[in-house]
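The plan is to look things up one by one and jot down what I find.

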Amino acid sequence: MKRILILIGKIIVKLLRMMKRNAGNLPGIVIWHLSGHKCCSIFKVECPVIAITGTNGKTSVTNCIAKLFESSGKRLIINKEGNNLDTGICSLLLRHCDMSGRVNADLMILETDESHVPVVYSQMKLETLVVLDFFRDQLDRNGEMETLIRKIEGFCKTFSGNLILNGDDPNTARLGRANPDNKNVKYFHAEKYAFATSEIYEASEGRFCPFCGEALSYEYYQYSHIGKFSCEKCGFGTDYEPYVTASDIDLEKHIFTVDGHQYTPRLNSIYNVYNMTAVAAVAKLYNIDRKITEKVISRYTVKNGRMEHFMLGSCQTTLNLAKNPVGANMTLRVMNEMNGEKELLFVLNDNIADGLDVSWIWDINFSIFRDVTRVVTAGTRAYDIAVRIKCSGYDARKIAVRPELDDAVRELASTPGRKFVIANYTAVQPTRAALKRYIAEHGGMSDEKN
Amino acid sequence: MRKIKVLHMYADMLDLYGDSGNMEILEYRCKMRGIDFQREKYSAGNDMPDLSSYDLIYIGGGADLEQQHISADLMRCREEMIKAYKSGSFLFLICGGYQLMGKYYRDADGNKIPGLGLFDYYTVAPDSRRMRCIGNIVIRTNIAEEPVNVVGFENHGGQTHNVKTPLGEVLCGSGNRSGGKTEGYFEKNVIATYLHGPMLSKNPEIADYMIKYCLKHSGAEEELTPINDALEKKCRSVMLKRLLKQ
C-alpha cells in the first residue's frame, strides 16, 4: 500500500512540474487523504532529523542551521520555502525518496509548524527539536495558545531526543519538564541587553507559572515576555543551567558573545540574537567547527522581507514581516533604537492566510514612537491600522492612508530620510514587489548580495 | 476638569483580540475633550474595591481557561456588582464578560458555570468545540442619536438565549446565536456584546454614548465637543461596503 501511495505521490509531483506548478503542498494533501491522515508515515527515514518550531524565527533559524551543515558533504533535505505542515513535508519527501519510500539523505532539517510537531514526529523519528518561542499568533486559526503548548507538551512527554529550548521564554522552557527522564534537554539564554526593561512593555502570554499558577517575577524583560523569569513559589526558571548563553550584547557595535567567542551578525536586533543563540546551541551539539559557525552567524541576512534592506531612491529602507504583535513590536524597537528621524509604512491585509481578524494590531505598543515624522498605511485594512496608530496618541495629521501599495510606496518615497516598512503575512511579498517596482522606475537598490 | 472613573477588571487575564484597546480608545476620546480618564485595574484576588464608586466597569473577553480562573473570583464580587449596576455604574462587557453576567454558562463538556445572574439570559456552548461563530459581524443599533451600523469581529462557541433587550439587529454574521437575528444585550447603563475588534475602534458613536452616560453619572455636564472621526468612519464604511455589498 505504501509503495502505491509513493507512486501516486510521485506522479502528482511530476504532473505538477510538467505544468510548471508548485508541488509544495498539493501532493501531500492527496496522500494525506489516501493514507488515513498519516501522510508522513509512508516514508522510510533512516537519517537524523532536526526540527525547528516556534511562533517567530523558524524560517531564519532553519536556514542558518542548514548552512552549518552545508560544507560537511552531507546530503541535506531542508524545507527552505517554509512548507512546514505535514502535507508540505510529505510533498518535500516525495521528491527525495526512491520508489520504496526510502529517503535519500544524510540529514533532514525541517521547519515545522507548532501545531504539526506531534503530527509529523509521531510518524518519523526525530533526533533534535529546537523550540524558539510561543507568542500570540492568529488566534482565530490556531485556537488558544495554551492548547497549542499542551499539544507539544504531550509530544515531549515521550520524546527522549535532544530538546533545545529558549530558556528565557516560560512558554517553551516549561517543555523541559515534560519528560523528567529525558537527559537531553538543553536551554539557550541571552543576558540582559541595553534596551531590556524592568516592566513588561508589550502585550504578552505566559504571565503565570504553568506549574503552580503563581505570577512569574522577572529580573528583566528583553522583549514581550522573553527575559530572565522565575517563579518564587516553585522555582520554575531557576532549576536549569543554560547550555549556551549570549553575553555582552551590544547592538550599536553589532556584537555578542557565545562561549567566549565574539560574533558580529549583520542582522541587528535582540530578536536575531536569540535566533542565532539557538543556532549556536545546535552548532555546539553537533560539534560544528567554530569558524563555520562564525561564518554562518555573521553572514546571515534574509531576503523575503525579513529585515530586508532596500534603497528606495536615496532612502535607506528596511522591510520586515510582522504577522503578530511581537514581530511588529520588534520592528518598532529596532526603529526606535536607531537615532534620527524616520518614517513608517505599515501594510495590513486580512486575507484568509493572515487570519480574518486584525485586532492583534491593538497589542502593538505604538506609544513608544521616537522621532517618527510620518506614517503611511496600506493594505486591505489600511484604515484599521491608521485608527490604531492615531488612538495611541500619534498626530492624525501625520498619517497618510493609501490602500493601494504603489500609491503608498510613492507617498513614502516622496520625502527624504530613513524608512521602515512593516507588512503582515500576505502583504509582505506584494510590498517587496511594489518596492522593487518603484526602484526599477525611480532608482535605488535591492539587497541581492546574499 | 470633568472626569470619569473607570475600573478595568481582570485586564491581566481577559484580554483577547485587543479588547484592552477599548480602554485606549475611550481614554483617547476623553483626552481630546479635556476629560480626565481615571483608569484603575482590578485582578483576581485583589482587595475588593467599592464598585459603585466607578462610572464605568469594563470586562473583556478571554479564552476558556482564563474564564474558568476568574469565574470564582467574580462570584465574590456579586453583591458589589449588583449594587454598582443598580446605582447606575455603566457596565461594558465583552464576550466572556457578557456571558458571565447572565444566569449561567454551560460549556462544551456540559459543566454548568454559574453566572452572576444580573440578567436573565443564559449561554450554552454546543457539544462540539469546532462549532464556533467566527468572522466579521455587522449589527444595526439604535442606542446612539441616529441608527448606526456597527462593525466588529466575533469568535465564540457559546450561544446566548433569552435576551430580551438586545444591543442590535444582525445584518451580517451570527450574534447571540448562530442563525439568530440579534446581538448583545443593552440597557441604558449596560452594553454587553460579542463584538471584538476592538469594538469601539470603528464605532465612535458607541464610545461617545458611554462617555456621555459616564459624565452624567459623575454629575458633570454631558455635552461632548465633536472630534475628527474621519479615519474611524472611513474604516467602517470600507468594511460595511465589503460585508453588506453596499
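**Entry 1: the sheet**

I started with an open sheet of seven strands in chain A, with mixed pairing and the order β16-β15-β14-β17-β13-β12-β18. Before going on, I noted that this is a predicted model, where local features need pLDDT of at least 70, side-chain atom pairs count only at pLDDT 80 or more, and totals for chains, interfaces and linings use all residues. Residues are numbered from 1 along each chain as its sequence is written, and chains are lettered from A and ligands numbered from 1 in the order in which they are written.

Two terms I had to look up: helices (H or I, at least four residues) and strands (E, at least two) are DSSP runs, numbered from the N terminus. Two strands pair if DSSP finds at least two bridges between them. I also reminded myself that strands of a sheet pair through backbone hydrogen bonds, either parallel or antiparallel.

For angles, axes are lines fitted to C-alpha atoms (for helices over the stretch in contact), and the values run from 0 to 180 degrees between N-to-C directions.

**Entry 2: pairs inside the sheet**

I went through some of the pairs.

- β15 (residues 372-378) of chain A runs parallel to β16(A), and three bridges join them; V375(A) stands opposite I399(A) in β16(A).
- β12 (residues 308-312) and β13 (residues 315-321) of chain A run antiparallel, joined by five bridges. M311(A) has Q316(A) in β13(A) as its bridge partner.
- β12(A) and β13(A) make a hairpin with two residues between them, and G313(A) in the turn has a positive phi of about 60°.
- β13(A) also has five bridges to β17(A), and these two run parallel. There, T317(A) stands opposite K419(A) in β17(A).

Then I checked what lies across the sheet. Helix α13 (residues 405-412) of chain A lies across β14 (342-347), β15, β16 and β17 (418-423) of chain A, and runs at about 170° to β15(A).

**Entry 3: one residue in β17**

I picked A423(A), which lies in strand β17 of chain A. Is A423(A) buried or exposed? A423(A) is buried, with 29 other C-beta atoms within 10 Å. The cut-offs: 20 or more other C-beta atoms within 10 Å means buried, 12 or fewer means exposed, and in between is partly exposed, with C-beta atoms placed from the backbone.

Leaving aside neighbours within four places in sequence, the contacts of A423(A) include L319(A), L321(A) and V347(A). A contact here means C-beta atoms, placed from the backbone, within 7 Å. A423(A) and V347(A) are 76 residues apart in sequence, yet 4.6 Å apart in space, C-alpha to C-alpha.

**Entry 4: another hairpin**

I moved on to β7 (residues 217-223) and β8 (residues 226-230) of chain A, which pair in the antiparallel sense over five bridges. Y218(A) has F229(A) in β8(A) as its bridge partner. This hairpin has two residues between the strands, and S224(A) takes a positive phi near 40°.

**Entry 5: chain A as a whole**

I counted up: chain A has 14 helices and 18 strands. Its radius of gyration is 22 Å, close to the 22 Å that the globule rule gives for 450 residues, so chain A is as compact as a globular protein of that length. (The radius is taken over C-alpha atoms, and the rule is 2.2 Å times the number of residues to the power 0.38.) Of the 450 residues, 51% count as buried.

The domain assignment, which is automatic or from a database, gives domain 1 (127-299) and domain 2 (308-449) in chain A. Their C-alpha centres lie 28 Å apart.

**Entry 6: where the chains meet**

How many residues of chain A are in contact with chain B? I found 21, in contact with 27 residues of chain B. On the chain A side, α6 (139-142) and α12 (382-391) each supply at least two residues, and α12(A) gives the most, with six.

Conventions. Two residues are in contact if their C-beta atoms, placed from the backbone, lie within 7 Å.
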